[in-house]
Amino acid sequence: MYFNSVGTLENHAQNFPYNSFAINPQPRACKCGTVRIAYEVTDREDNDILEILVVCPICASNSSNNK
């Protein structure tokens with residue numbers, strides 16, 4: 001999921017209960033080819049990655065899966 005700013009990403013991340021999910025920084029290349037601030041939301045029980053959150057205003061404005 002792409003976000004326009006760190007603030008909008010933080011607001012979205014507050015929806016995940018802290019005791020069930022971990023949010024870990026993991027820089028990633030996004031669709032526009034640049035490396036951006038990103039976070040992986042993982043389940044604390046089995047370590048599965050549930051969602052990847054990326055801060056990229058360019059991709060957020062060009063994607064249907066954005067905030």
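Biologist: What do S5 and S6 form, and which residue in the turn has a positive phi?
Modeller: S5 and S6 form a hairpin, with five residues between them. Asn-47 in that turn has a positive phi of about 65°. The model is a predicted one.

Biologist: What makes the phi of Asn-47 worth a remark?
Modeller: Its phi is positive although Asn-47 is not a glycine. Asn-47 sits in the loop between S5 and S6.

Biologist: Why is Asn-47 called exposed?
Modeller: The relative accessibility of Asn-47 is 59%. Exposed means over 50%, so Asn-47 counts as exposed.

Biologist: How do you know that S5 and S6 pair, and in which sense do they run?
Modeller: Pairing takes at least two bridges between two strands. Five bridges join S5 to S6, and the two run antiparallel. As an example, Tyr-39 stands opposite Leu-53 in S6.

Biologist: What makes S1 and S6 a pair, and in which sense?
Modeller: Strand S1, residues 2-3, has two bridges to strand S6, residues 49-55.

Biologist: What is the order of the strands in the open sheet?
Modeller: The open sheet has four strands in the order S1-S6-S5-S2, and its pairing is mixed. S1 and S2 are the edge strands, since each pairs on one side only. S2 pairs with S5 in the antiparallel sense, over five bridges.

Biologist: How many helices and strands does the chain have, and how do they run from the N terminus on?
Modeller: There are two helices and six strands. Their sequence from the N terminus is β-α-β-β-β-β-β-α.

Biologist: Where does Phe-21 lie, and which residue stands opposite Phe-21 in S5?
Modeller: Phe-21 is in strand S2, residues 21-25, and Asp-43 in S5 stands opposite Phe-21. Beyond four places in sequence, Phe-21 touches several residues, among them Phe-16, Val-41 and Leu-50. The C-alpha atoms of Phe-21 and Asn-47 are 8.9 Å apart, with 26 residues of separation along the chain.

Biologist: How do you know that Asp-43 has no salt bridge?
Modeller: A salt bridge needs a side-chain nitrogen of Lys or Arg within 4 Å of a carboxyl oxygen of Asp or Glu. For Asp-43, the nearest side chain of opposite charge is Arg-44, at 7.9 Å. That is beyond the cut-off, so Asp-43 has no salt bridge, although Asp-43 is buried.

Biologist: What does the side chain of Asp-43 reach, and which residues is Asp-43 in contact with?
Modeller: The side chain of Asp-43 reaches the backbone nitrogen of Glu-45 at 2.7 Å. Apart from neighbours within four places in sequence, Asp-43 is in contact with Ser-20, Phe-21, Asp-48 and Leu-50.

Biologist: Why is the meeting of Glu-40 and Arg-28 called a salt bridge?
Modeller: Their side chains come to 2.6 Å, N to O. The limit is within 4 Å, so the pair of Glu-40 and Arg-28 qualifies. This pair links distant parts of the chain: Glu-40 is in strand S5 and Arg-28 in strand S3, twelve residues apart. The whole structure has one salt bridge.

Biologist: How do you know whether the radius of gyration of the chain agrees with that of a compact globule?
Modeller: A compact globule of 67 residues would have a radius of gyration near 11 Å; the chain has 12 Å, so the two agree. Along the principal axes, the C-alpha atoms fill a box of roughly 35 × 20 × 15 Å. Of the 67 residues, 34% are buried.

Notes: Residues are numbered from 1 along each chain as its sequence is written. This is a predicted model: local features need pLDDT of at least 70, side-chain atom pairs count only at pLDDT 80 or more; totals for chains, interfaces and linings use all residues. Side-chain values use heavy atoms; hydrogens and water are left out. Buried means under 20% relative accessible area, exposed over 50%, partly exposed in between (1.4 Å probe, protein chains only). Lys and Arg count as positive and Asp and Glu as negative; His and the chain ends are not counted. A polar contact is a pair of N or O atoms within 3.5 Å; within protein, one must be able to donate a hydrogen and the other to accept it, and residues adjacent in sequence count only if both atoms are side-chain atoms. Contact means heavy atoms within 4.5 Å. The radius of gyration is taken over C-alpha atoms; the globule rule is 2.2 Å times the number of residues to the power 0.38.
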